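Subject: Handover of a structure

Dear colleague,

Please find below the structure that I am handing over to you. My notes on it follow.

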Amino acid sequence: MEKINISELSLEELSEYIQSIGEKKFHAKQIFKWIHRVHVESFDEMTDISKSLREKLQENTYILKLEILEVQKSVKDGTHKFLIKLPDNNAIESVFMVYNYGNTLCVSTQVGCKMGCKFCASTKNGWTRNLQASEIEGQIIAVEKYMNQKISNVVYMGIGEPLDNYDNVVKSVKLINCPEGLGIGARHISLSTSGLVPNIYKLADEMLQATLSISLHATTDEKRKEIMPVANRYSIKELLDACRYYISKTGRRISFEFALISDVNDDEKTAKELAKLLRGMLAHVNLIPVNELKDGVFKKSKEQNIERFMNILNTSGVITTVRRELGSDIDAACGQLRQKHIEGNK
Ligand code: SAH
């Protein structure tokens, strides 16, 4: 019989499992804490669990451990980019960043991505599989151990489309949030989506209190279709309606990501259109100077255009900031390290 990944079980599921093997329910909480809070790597380390139960667990289950394959460290700002190996030998990326409000980890949610955004390295080789909840949480555990530091914020902005792996992603948020585990508050967790409208409605109804980020990147459907194939499925109007629903259900401000690309979406007209689209909404705009990929198709906006774009929005009453570019001296744009890894293996 195949062993069960015990790290994948929520506290409730673990409780049921423990009872199903004829043990007392209260052991579930102890075991859950050892795995998700203390981060033990073997059952022998669970000192308050009897030898016989430890042996039973050892025989039938395993604790997930993700291995770090490569680390790139920015000498400029302390950003660390990790290439992480999954049990089936696929590789994903996580990025550790230091902000004044705490250490933040950007996690991957899929091996590859189906969305096909033209400016994104993560989608270039297509999609391989979804990550399990424990593989998402496992990135935090592996990096905390490596850095010997706590992570206080998690952003789902690594490889993959979180809302295309809905159940595992929601389960992972609950795992990470669990007070018996990492205990990271939902308000310190951000989910980013290219805009899978039906799942934005579904997420709103989960009442998770996580921050939602929308990768908008364009103000007209025509332009958005040119750079984001998802725009062929959902219009900007449908997307913004879903956002308004999310806000009304959760009371949470939505963050709109706008990657500024030279001569594509960084002009005055686009800035004014964006201000018009978002005016009056509980929203915040995050401008990201696009990370140029090796293919050189999209170029970063000029400094003065970024400045102009931000000023137009701010003077229209739409709170806008420019994302600090971290790790610019390493393969910062997500997906680039994995891409290099795949090419190296060929
Ligand atoms: N699939 C999700 C989350 C992963 S991407 C999403 O689309 O939101 C995280 C963010 O990085 C998104 O806003 C995405 O559009 C942006 N991004 C991707 N490639 C980029 C690049 N080369 N430069 C700047 N931002 C990029």
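Which domains does the domain assignment of the chain give? The assignment gives domain 1 (4-62) and domain 2 (67-345), the bounds coming from an automatic or database domain assignment. Please note that this is a predicted model, in which local features need pLDDT of at least 70 and side-chain atom pairs count only at pLDDT 80 or more, while totals for chains, interfaces and linings use all residues. Residues are numbered from 1 along each chain as its sequence is written, and side-chain values use heavy atoms, with hydrogens and water left out.

The two domains

The C-alpha centres of domain 1 and domain 2 are 34 Å apart. Their contact (heavy atoms within 4.5 Å) takes 15 residues from domain 1 and 15 residues from domain 2. About 1200 Å² is buried between the domains, and carbon and sulfur atoms give 49% of this area; buried area is the accessible area (1.4 Å probe) that two parts lose on being put together, summed over both. On the side of domain 1, Glu8, His36 and His39 supply 49% of the area buried against domain 2, more than any other three residues.

Salt bridges

A salt bridge here is a side-chain nitrogen of Lys or Arg within 4 Å of a carboxyl oxygen of Asp or Glu. The structure holds 21 of them, and 4 are found across the interface of domain 1 and domain 2. Glu8 also forms a salt bridge with Lys171 (4.0 Å, N to O).

The second largest pocket

A pocket is an open set of points on a 1 Å grid over the protein atoms alone, where a 1.4 Å probe fits, with protein on both sides within 12 Å along at least five of seven lines; lining residues have an atom within 4 Å of a point. The second largest pocket holds about 250 Å³ of space, a volume being the space filled by probe spheres set on the points, which are joined across faces, edges and corners. Of its 17 lining residues, Leu64, Lys65, Leu66, Ile141 and Ala142 are the closest to its centre. Both domain 1 and domain 2 give residues to the lining, so this pocket lies between them.

With kind regards
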